[in-house]
Amino acid sequence: MSAVTLERQFRPIYESLDNGSNKSAILSCNKLLKKYPSSLLAKALKALALVRLQKVEESLALCDEILSVKPLDEPTMSAMMHVLKGLGRNVDLVTMCEEAYKLQPQNEEYGAQAFFANIRNGNWKSAQQISSKMHKQFQEDRYLYWSVISAILQANDPLTPANMRTVLYRLAHRLVASSPTPSYLSADRFHMHLNILKELDLYDEANGLLESEVGKAICSTSLACSQTRRDIWRKRGLYKEEGKRARDRISEGDRNWLEFLSVLDATFPPVASSEGEISEQCKQECRESLVETGEFLEEIAQKDGFKNRAAPLALTELKYRAYKLGLYESSALIESMADYLAQFGDKACCFEDLKAYLDPDIASSEQWETILANQNLSFETVAHLQRLINVRKLQRHGLSDASMTVEVETARAVNYLSEYMEGLSLGKNLPVTELQPCDDLALLSAHAFVNVWTLSGSEEALYNAVTVLEFGLTRSRMSFLMRIMLIRLYRILGAPSLALDHYRAMNVKRVQNDTLSHLVLTRALTFSLAATGDLTYPTECLESSQIYLANAQETSGFVVRAFTAERYTQIPEFIEFEDRLENSLQRDVVKMEHVRMRLTHEQLHTDIIDMELIELKFIFDRLHHDNRDFVILPNYQPPCQPTFNEQSLMFGTSCGQGWLWSFLKIYIRAFQHASDLDETVEAKLLIGDRPKTSPDPETKLPLPERLAIRKSEEAAELTSEERQLMDWATALGDWLEPHHNYTRPPPHVVLAEAAKQTELKTGLPLRGIDSRTLNGNGNSKKDEEAPPLKPVPELVVKFFEDMHTEFKRLLKIKCSPTHLLHIATITQEAYILLAVETLRFKTPSVVKIHKLGNLVGMIKDIRQKASSVVKEMSLELLKLGEAENSGDRRSAIAEVCTPVAIGQIDNDFILNVAKNITDSRRKVLEGVAKGMSKLHHTHSHS
């Protein structure tokens, strides 16, 4: 087939694929295959269209056929790369590229594709070997440096043994030394060379490079090289030399804060290099340098004036370090802080700058309190307002436990709010997209009210806090700090729809889905209405997970571009970014929440259970990275009190690694019992590659042993109800496990049935399975004796009663709706888990063959008791929802918000806030109640 004919024949297929018309592409491929039945490209494009249509079984057969031929033409290989990526068969992709390079070793493009395939798959050793081969063959310097960075990446891999790291760095050093061109021809190569020398402690060689004219020039223009040079000098103990160099840079006009830190470290070289207690002689050396450094920084500060705050802040840092060493009295530090406040008190950063130096004894000292009290505060200009805000923050930071009373904190909150109202006049003409300059006073007022709630336990303070923040948003629509606080507070108040509205108003995008989705998706089952068909929260879970798909598809491309452009400083960062997203803790917490909600909405079926079981087992093997952003939450609480993040955690605990591990153990074991898949069958039916496992030795243990492990740090992240659920699930699993193992069909029967279903569906045999060797018609009853029937464990029987008792107790004391919903949804979850655990025993033929009548009778008794509890909880929640829909309830909330009825916050605004809260509560209470009622009807007679 000529090139022109080829292009004409395949152009419609490519256009169909580009336009998403995959069915049309398949039809075109079929027509072409009738003419050219051996066309690998047509088969590859058809496989790609099938993958995009989720017809995996059919595409697998085509894939295997193409790979067996070992394709060599670039169009076919390009199409196959997309197919294999879509199927998750990265190992096959690597093999295909390596085979092509072996068959055509003179093809440089195939060599690069083989290298990049290994890089994408994290096969650093193979990548290093291929790049070394390419350098010898094509004599291009960049391939040598590809080999160097591959060795470094392998050394830094967590799976690499510690004793191999040095060997790999030595290999990298030898490769750099053998390069025909020096590393200083490129800043990125030079940086990589310096890092190798630093890791191997070859400081003399590194110093030779750094002291050369070229080295100095590169470090003066490259921040990465400059930082590596700084690290090397510090490791060599050259603090004074580094300090002198930093002084020269500062004198020349450089205001990089790292240079100022180098000057400070040079002032205290014995302290910086010492790990134990500081001797008197060392302190004397520091005293001698203090005056000189102080004079230098004062000179720079006078030169800069109000243009730059680096030198004045460095002076404060100098005196703070001297104070911590006992070289200065606290008064000298406080005077320096007062000077800084006088100069830069009208800057928004002033409080954050000084907070680092406010040790408890400094913040509460009479001298500091007097300085703050004597500040000339007014609302004349925005600068005056900012100074007032900084003073209020500094005063609040210095509060002691003795001043933390409900009455005093309430008075502070009202005072902050009054000042906020007065400050609004300065921003009355700002566009709606701008923030009001007095917003921080509203945040301070809300913090004080939250602290009142922490001290008193009364939700009245939270109503005041949300009213203040809601009013603040009417003046500053783009204030994400107010929205974040409202999200946390509305979840505590049991108004999840309002929290979700504020989260969506923040317009979270891309990687923020990983760092911020915890705000609304932590324990999302508590507020989920999926059982009634409202898929708001499951949809939010899926939308927040799109970043992980984008990461899998796009980030590897960035790595390839970085290699091509020789941006070696970026490569480790891209790879770390990809790894942190791929193994994100939040990703799997959201997945766990989605599974919990999915079971309330979808009918229990073995297909769902089998698929979720495999995915959860993959998660259980991962090494997780916690990328959640808690620092972004504002915190203006005094150090003597918990932070706002700690105060506003729903149920007082965060869903971290321990929470995830606990629920994985519950669900993996329950799904194992309900599934016919064992390790043998799973390995046969698995399509893609298994993810890389964690280097944790615990992952090497057999799965049943890992599922049985209980750790106190994991339990600490659970609420008391979640701990009870885990104990109940463990007891139920222990009781039923022998019967599951006895009645589960043998692997050959399961495989025979899977092969039969696949052949009926696709007309093709199951990949990798010879159906002729399987016999699925035999009796699945096992030869061993049936396990003895044990009485139902007491914990299994009492769980639902205990949850109902606690639910009624909390109802009596008029507890928060959030806590009631938590108990109700945990009870509902146990009810669903009971259905999962007993799914196998619902088939009459299984019960008859294995004589499980008595066991089924016991299960029926448990289910009846659980059903009655679920039904009663549902009715109580419905009553609560109706009570929230009354005018008296709104009036009661509005009445307790009297303290914030100041200035422009009138009674109508407060009533509107109260109405939104009660409407949201009513919706979630009635929704969860109806969902529980529906689940009761679904599972009570099954």
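## Reading a predicted model

Y184 sits in the loop between α10 and α11. Keep in mind that this is a predicted model.

Q: Why is Y184 called partly exposed?
A: Its relative accessibility is 36%. Partly exposed covers the range between under 20% (buried) and over 50% (exposed), so Y184 counts as partly exposed.

Q: What makes the nonpolar surface patch that includes Y184?
A: Y184, L185 and V214 make this patch, which covers about 280 Å².

Q: How do you know that α11 is largely enclosed by the rest of the structure?
A: Of its 13 residues, 10 are buried, so the helix is largely enclosed. Among the buried ones are F190, M192, L194 and K198. The helices that the buried residues of α11 pack against are α9, α10, α12, α13 and α14.

Q: What makes S186 a cap for α11?
A: One of the side-chain oxygens of S186 lies 3.3 Å from the backbone nitrogen of D188, at the N-terminal end of the helix. A polar contact needs such a pair within 3.5 Å, and the S186 cap has 3.3 Å.

Q: What span does α11 reach, and what is expected?
A: Helix α11 (residues 187–199) reaches 18 Å from its first C-alpha to its last, close to the 18 Å expected. After the helix comes D201, with a positive phi near 60°.

Technical notes
Residues are numbered from 1 along each chain as its sequence is written. This is a predicted model: local features need pLDDT of at least 70, side-chain atom pairs count only at pLDDT 80 or more; totals for chains, interfaces and linings use all residues. Side-chain values use heavy atoms; hydrogens and water are left out. Helices (H or I, at least four residues) and strands (E, at least two) are DSSP runs, numbered from the N terminus. The expected span of a helix is 1.5 Å times one less than its number of residues. Buried means under 20% relative accessible area, exposed over 50%, partly exposed in between (1.4 Å probe, protein chains only). Contact means heavy atoms within 4.5 Å. A polar contact is a pair of N or O atoms within 3.5 Å; within protein, one must be able to donate a hydrogen and the other to accept it, and residues adjacent in sequence count only if both atoms are side-chain atoms. Patches are made of residues with over 30% relative accessible area and no salt bridge: like charges are joined within 9 Å, nonpolar side chains (Val, Leu, Ile, Met, Phe, Trp, Tyr) within 5 Å. Accessible areas come from the Shrake-Rupley method with a 1.4 Å probe; for residues, only the protein chains shown count as cover. A salt bridge is a side-chain nitrogen of Lys or Arg within 4 Å of a carboxyl oxygen of Asp or Glu.
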